[in-house]
Amino acid sequence: MKTNNWIWAVWALVLLCYVVPYGFLTEVQSWSGSFIYWTITGVLVVVANLMITKDFGEEEA
Amino acid sequence: MSTSLIWWSVAIYLVIAIAIAVISRDGKANSMSGYFLGGRQMNGVLSALSYSATTYSAFMMVGLAGLTYKGGVGALGFEIVYFAGVSLVAVFGPKFWAVGKKFGYVTPSEMLGHRYQNKAVSVVAALASCLFLIPYAAVQLTGVGYLMSGMTDGAISFSTAVLIATVMALFFCYIAGIRSVVWTDSLQAVMMIVVSTIVALLVISELGGFDGLFTTLEQTKPETLSVPGSGLFSFWTFLGLTIPWFFFSLSNPQVSQRLFMPSSLKALRQMLLGFLVFGLIYTLVSVMWGFSAIVAFPDLAKADMATPALLSSDMVPPVLAVIVMIGIMAAAISTIDSIMLTLSSMVSRDVYANMNTNADDREQLAVGKLVIPVIALMAYAFAKLELSLIAVLSVAASSGLVVVVPALIGSFFWKRGTAAGALASILGTGILVLYIYATGGKLLGFSAGIWGLPVSTLLFVGVSLLTKAPVDVAEAFMAEANSAVKGKQSSAKGNARPAVV
């Protein structure tokens, strides 16, 4: 995946933040439902940003 | 918990923070960019800590914990959407940074005025920011007031706590401008994250560990573990809360101005990644506090009292509880001082300097310093009104600030954007948002948070298409903005004051 394409991964994660908990996890009343889903999303957002900004500052003198 | 322990702790905190603020004075702070931007020479680690302390305020430990207490896990989702929105910094950060360096911008609204070649755009964007950010600053003060009066059973009154926080914020601004703010922010950020995490772990272990806590929740309040849960987080409420917060990193000038400050793109990256790691931990800690309070104190009258109730309980040793309390007060102060500094730079650079074109850099700085206490007084007055649910009020501010987002995004991506479009979008939507809040918070069944962005986008695009765009400036601006990440940075690193029109 190209570096700048990682931003699309973030937008997809954001969309899924609405779709999954409100569409599929409304009946899962346990920590293994929306709680863990949104927590994992948070971790993936950090990873995506790590990738997006990989080349920041490399060109500087 | 004894009142003298609290007063002593406040005093020790003040001494340490003041010492750090005074030490930070080294370096020049006698120009606009020196005082308000640290001379565009901020290092990555300090920037990350300060960005975190500025973004995360009393809202997290008091408001987000309270929101979790009231509405359950939806509060985590709301915060994670905001968190993902900070990725906008990865896209816009290098662009802000590059044009700021090239054209010498001090404020984001100044950038808009230059890009759209119209001083009125700067003035209107700056005034809109003041209108919505002063209540937001007041909300932070209210957080401190609730916390300290709640934890001491009123021995330290709401008013006294609010007054201490206001005076401290003023003081940190005055010592060395953004430098003292960044250094004290960093101290506060480290304190906030370390102590709140320790206390969260302590409370969770008292409540039977992670397993025990969630098992109790599953058995006694299962609705708190899903959305819409008890009903607070209906889909439309969730959407209305999250849309403005998603754009927080662009719409709030006290954080978007930070994009002008890093010394290099590498420092900007460190700022972003450092913030994200900090933010994720802090979010989870705050939400776990809320969950712990549901189990430990299921019948609190006010959700915002969840954190004070936990801290004054037997589960937390008094010394740790006081340190957390100071940490939360520090969190509020670190947000307020940045807001005060940013707003005063906007009033002097975008309003005063555009009204009085002879004002040189020195005069602008003098005016900026005069405006700081005026803004502090206004925030103090709002805070004394003691409005109830902190989180919802902060979101009202975010719905208002989101009106500048289409003009900001357009400045980097759409050559056809015009000053008339930007003005219509900021003014038209600003008035609409105010109207919605003034008439009960909903229009046709939808909250201001849902109306703001589509209306401002439509106005920006529609009016821009009917008017003539400053294409030459747009091209130069966008070329510069794109140069940073492509490595084609212009060799001319002038710091010239941008000429409008």
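Tutor: In this predicted model, B:Q117 is partly exposed, because 18 other C-beta atoms lie within 10 Å, whereas a residue counts as buried at 20 or more and as exposed at 12 or fewer. B:Q117 belongs to the loop that connects α7 (108-115) with α8 (119-151) in chain B. Its backbone deserves attention as well: the phi angle of B:Q117 is near 55°, a positive value in a residue other than glycine.

A positive phi is also found at B:L444, where the angle is near 50°, and this residue, too, is not glycine. B:L444 sits in the loop between the strands β1 (442-443) and β2 (446-447) of chain B. B:L444 is exposed, because it has 7 other C-beta atoms within 10 Å.

Another loop of chain B, between α11 (209-220) and α12 (235-246), holds B:P228. The peptide bond that joins B:V227 to B:P228 is cis, with omega at about -5°.

B:A189 is part of helix α10 (residues 178-206) in chain B, and B:A189 counts as buried because it has 28 C-beta neighbours inside 10 Å. Leaving aside residues up to four places away in sequence, B:A189 touches B:L49, B:S52, B:A53 and B:F278. B:A189 can also be related to B:A331: the two are 142 residues apart in sequence, while their C-alpha atoms are 7.3 Å apart in space.

Technical notes. Residues are numbered from 1 along each chain as its sequence is written. Chains are lettered from A and ligands numbered from 1 in the order in which they are written. This is a predicted model: local features need pLDDT of at least 70, side-chain atom pairs count only at pLDDT 80 or more; totals for chains, interfaces and linings use all residues. Helices (H or I, at least four residues) and strands (E, at least two) are DSSP runs, numbered from the N terminus. Two residues are in contact if their C-beta atoms, placed from the backbone, lie within 7 Å.
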